[in-house]
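Keep the structure open while you read.

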Amino acid sequence: MMSNEEDTLKKVYSPFSQKLTYDDFKTKLDSLRTNKWKFIRAVSLYQQSVKCSKCSPDVGMILLISCSDALQLVDEEKTWQNIKKFYLDYCPKELRDSPIKCSPDRKEPAQIAPFEMSIRYIYKKFRCLYVHEGKARLSIPKEVEDEEKPHHLSCYLTDKIKDEKDIYSIDLINVGAWFEKITFESLYAILTTPK
């Protein structure tokens, strides 16, 4: 019979099984720069997010954002700073082009939003609005979801952040998958970055 710790390690190992052997995973876990159990909790949140993302994409997004905060890379009470540090320090550079575009006004063509702006938008508009006000933003209308090729315009959200001039255009079909990928790759980077 396996110990509780061994059971937990086997569960959190599964996302990394395509990249590392179990023994390599355990070795890297034991030599983390950050607290091992905070990392394990973060991976558990990531795994829960993957399970939730199909039936409730807004809950899946909240869990992904919580995953980055659970590591407490800056401080336990500094949610935005924890999230920002996680993605800016660990997300591979080649994955930073987001499905979020921004424009200083409606007259100029939208460009891919800088990475930090994309993360901040996700934090403010997907996490904060849902957690504090219960406003879901990733739910795509059923008629669009059922279409073989969803109507292009009905899959985009045009939005602003209060007190900012930039106008954002968010690809609601791809933003969740992109954020899931950068979260996993950032967790992998933490795990494999030498002390």
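**Helix contacts and strand pairs**

Start at the contact between two helices: Glu6, Leu9, Lys10, Val12 and Tyr13 of α1 meet Tyr22, Phe25, Lys26 and Leu29 of α2. By class, this contact of α1 with α2 has six nonpolar, no polar and three charged residues. Bear in mind that the model is predicted.

**Helices α1 and α2**

- Helix α1 covers residues 4-13, and helix α2 covers residues 22-30.
- Their axes lie 11 Å apart, and the two helices pack at an angle of about 105 degrees.
- An angle from 65 to 115 degrees counts as roughly perpendicular, so α1 is roughly perpendicular to α2.

**Helices α3 and α8**

- Helix α3 spans residues 36-52.
- α3 packs with α8 at an angle of about 155 degrees, and their axes are 11 Å apart.
- Angles over 145 degrees count as roughly antiparallel, so α3 and α8 are roughly antiparallel to each other.
- On the α3 side, the contact uses Phe39, Ala42, Val43, Tyr46 and Val50.
- On the α8 side, it uses Glu180, Thr183, Phe184, Leu187, Ile190 and Leu191.
- Sorted by class, the contact of α3 with α8 has nine nonpolar, one polar and one charged residues.

**Helices α4 and α8**

- Helix α4 is residues 57-70, and helix α8 is residues 175-192.
- Their axes come within 10 Å and cross at roughly 25 degrees.
- Angles under 35 degrees count as roughly parallel, so α4 and α8 are roughly parallel to each other.
- α4 passes α8 in a left-handed crossing.
- From α4, the contact takes Met61, Leu64, Ile65 and Cys67.
- From α8, it takes Val175, Gly176, Phe179, Glu180, Thr183 and Leu187.
- The contact of α4 with α8 divides into seven nonpolar, two polar and one charged residues.

**Strand pairs of β1**

- Strand β1 (residues 100-103) and strand β4 (residues 167-171) run antiparallel, joined by four bridges.
- In this pair, serine 103 stands opposite isoleucine 167 of β4.
- β1 also pairs with strand β2 (residues 111-112) in the antiparallel sense, over two bridges.
- Here lysine 101 has isoleucine 112 of β2 as its bridge partner.
- In a regular strand, side chains alternate between the two faces of the sheet.

**Confidence**

- The mean pLDDT of the chain is 85.
- Of its residues, 82% reach 70 or more.
- Where pLDDT is low, the predicted coordinates should not be read in detail.

Conventions. Residues numbered from 1 in each chain as written. Predicted model: local features only at pLDDT ≥ 70, side-chain atom pairs only at ≥ 80, totals over all residues. Heavy atoms only, no water. Axes fitted to C-alpha atoms, helices over the stretch in contact; angles between N-to-C directions. Left-handed = near helix turned anticlockwise from the far one by under 90°. Contact = heavy atoms within 4.5 Å. Nonpolar A, V, L, I, M, F, W, Y, C, P; charged D, E, K, R; others polar. Pairing = 2+ DSSP bridges. pLDDT = per-residue confidence, 0-100.
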